[in-house]
Amino acid sequence: MNSLKLQENAVLIPIDMQRAFDAAPWPPRWNGRVDENGLTVLAAWRAAKRPIIHVRHDSIKEGSTLHPEQPGNAFRPGFGPMGGESLVTKSVNAAFIGTDLDLRLRRLGADTVVMFGISTDMCVSTSVRVAANLGYRVFLVEDACDCFDVADGAGGVIAAREIHRAHVATLRAEFADVVTTGELLSALGAIKAA
């Protein structure tokens, strides 16, 4: 993207940055910089004093590593809400289903959302698609996302990096403006300077 213009009323939405994804039964992930990039985005957004709504997956399945009673439900270090930042909890893939996320965004006067998180092909992709269908302009910070190797149903495995690449491509085609952490930071700097 040549000239990213970020609206003043954009809201950052980190999705499911939780500890469970670091251990079994979750398969291998590919993005070793997901935490670094996500924390960089959060720090810059906070420095710009822009609104953040965190999303956490609270599984309703007993035994799930994302169940609220499991240690894996906790946020990864540095990713939990700070100060007056909001938290939305969900139990399905889309951050908008069964939650008041849309209402919170409307009350903030937001028409633009910036999303990143785990996993690209599941909760991030689904939330991006729903946000776009609800009429929001969506920016996906693709290098602050991560996903897992996936069984292909025929005895093979599709590598996480390829899953990520395919999902980012389909989101870019119709649902979101895809940006890197660096591009987002530049756009955020332009808002602060204006």
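A salt bridge here is a side-chain nitrogen of Lys or Arg within 4 Å of a carboxyl oxygen of Asp or Glu.

**Ground rules.** I'm working with a predicted model, so I note that local features need pLDDT of at least 70 and side-chain atom pairs count only at pLDDT 80 or more, while totals for chains, interfaces and linings use all residues. Residues are numbered from 1 along each chain as its sequence is written, and side-chain values use heavy atoms, with hydrogens and water left out.

Entry 1: I searched the whole structure and got 12 salt bridges. I found D22, R29, D35, R76 and D146 linked in a network of them.

**Entry 2: R29 and D146.** What does the pair tie together? R29 sits in the loop between β1 (11-15) and α1 (34-47), and D146 in the loop between β5 (137-141) and β6 (150-151), so the bridge joins parts 117 residues apart in sequence. Helices (H or I, at least four residues) and strands (E, at least two) are DSSP runs, numbered from the N terminus.

Next I checked accessibility. Buried means under 20% relative accessible area, exposed over 50%, and partly exposed in between (1.4 Å probe, protein chains only). D146 is buried at 0%, and R29 is partly exposed at 25%.

**Entry 3: R137 and D177.** I found another salt bridge here, with the closest N and O atoms 2.9 Å apart. R137 belongs to strand β5 and D177 to strand β8 (residues 177-179), so this pair ties together parts 40 residues apart in sequence. Both ends are partly exposed: I noted 35% for R137 and 21% for D177.

**Entry 4: E36 and R33.** I also looked up the salt bridge between E36 and R33, where the closest N and O atoms are 2.9 Å apart. E36 is partly exposed at 44%, and R33 is partly exposed at 46%.

**Entry 5: T181.** Is T181 buried or exposed? I got 6% relative accessibility, which counts as buried. T181 is in helix α5 (residues 181-193). Its side chain makes a polar contact with the side chain of D143 at 2.8 Å. For that term I use a pair of N or O atoms within 3.5 Å; within protein, one must be able to donate a hydrogen and the other to accept it, and residues adjacent in sequence count only if both atoms are side-chain atoms.

Which residues does T181 touch? Leaving out residues up to four places away in sequence, I listed N37, T40, V41, V141, D143 and A144, with contact meaning heavy atoms within 4.5 Å.
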